[in-house]
Amino acid sequence: MKKLIFVVTLLVLNIQLFAKTHTLDEGKISFETGDEFQPFSKEIIDLKYPSKRAPKYVIGTKSTKTSIGFDIKDNQIEEINLEDARKAMSETFSKIIPGINWIKNELIVVNNKKFILFNFLSNAIDTKINNTMLVTNYNGKMLLFNFNSTIDEYPKYNKTFDQIIESIKIEEKQ
């Protein structure tokens, strides 16, 4: 009986930790986070993405050291060509991202949807950043998720990122 109460308590806590739903495209794309992830102001987004290629939506922690960017970009990408896109994007990243150190560079499946998964370390102005990117086709366009965290904060959020990724749901046009 004590084990059952313990398991139920853990389930309730897990539901509470991931109680906030974020959506794109009128709810057709969704994922769950905890309350610690709040929308960033335009000023913070501009600081975090000085190249002006920021995702449309960025949420993150109060410290701003950990964030999740997500967007639907107009870039054409087809699910059947994800492997080719992965190769091309990884070659480009290797050329343009200073100090890139690849951890993962592969295709994965999340809730029956194929994604490109990039995980790498890169240099920021004053620290190293752990970046995890997910890229896939969404009705012919590019759906992008960018999870990043400073090296000092990453150990606190890496399992959270995995749970958020597993919560991604996509409803495409038929």
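Predicted model: local features only at pLDDT ≥ 70, side-chain atom pairs only at ≥ 80, totals over all residues.
Residues are numbered from 1 along each chain as its sequence is written, and side-chain values rest on heavy atoms, with hydrogens and water left out.

Helices (H or I, at least four residues) and strands (E, at least two) are taken as DSSP runs and numbered from the N terminus, and two strands are regarded as paired if DSSP finds at least two bridges between them. On this basis, an open sheet of 3 strands is found in the order 1-2-10, with antiparallel pairing. Strand 1 (20-24) and strand 10 (169-170) stand at the edges and have a single partner strand each, so that one side of each is left without a neighbour in the sheet. In general, the strands of a sheet pair through backbone hydrogen bonds, either parallel or antiparallel. Strand 1 and strand 2 (residues 29-33) run antiparallel and are joined by 5 bridges; within this pairing, His22 stands opposite Phe31 of strand 2, and the bridge partner of Leu24 is Ile29, also in strand 2.

The hairpin of strand 1 and strand 2 has 4 residues between the strands, and in it Asp25 takes a positive phi near 50°. Asp25, which is placed in the loop between strand 1 and strand 2, is partly exposed at a relative accessible area of 32%. Leaving aside its neighbours within four places in sequence, Asp25 is in contact (heavy atoms within 4.5 Å) with Ile72 and Tyr138; the C-alpha atoms of Asp25 and Ile72 are separated by 8.5 Å, and these residues are 47 apart along the chain. Glu26 belongs to the loop between strand 1 and strand 2 and has a positive phi of about 55° although it is not a glycine; with a relative accessible area of 77%, Glu26 is exposed. A positive phi, of about 50°, is also found for the non-glycine residue Asn139, located in the loop between strand 8 (128-138) and strand 9 (141-150) and partly exposed at 29% relative accessibility.

Rings of Phe, Tyr and Trp (its six-membered ring) are treated as paired if their centres lie within 6.5 Å, and planes under 30 degrees apart count as stacked, over 60 as edge-to-face and the rest as tilted. The structure holds 10 aromatic pairs. In one of them, the ring centres of Phe37 and Tyr157 are 5.8 Å apart and the planes stand at 70°, so the pair is edge-to-face. Phe37 lies in the loop between strand 2 and strand 3 (38-39) and Tyr157 in helix 4 (residues 154-166), so this pair ties together parts that are 120 residues apart in sequence. Phe37 is buried, with a relative accessible area of 0%, and Tyr157 likewise counts as buried, at 7%. Phe93 and Phe120 form a tilted pair, with 6.0 Å from centre to centre and 50° between the planes. This pair links distant parts of the chain, 27 residues apart, with Phe93 in helix 3 (residues 82-96) and Phe120 in strand 7 (residues 113-123); both Phe93 and Phe120 are buried. Ring pairs also link Phe31, Tyr57, Phe70 and Phe145 into a cluster.

How values were computed:
Buried < 20%, exposed > 50% of the residue type's maximum accessible area, 1.4 Å probe, protein only.
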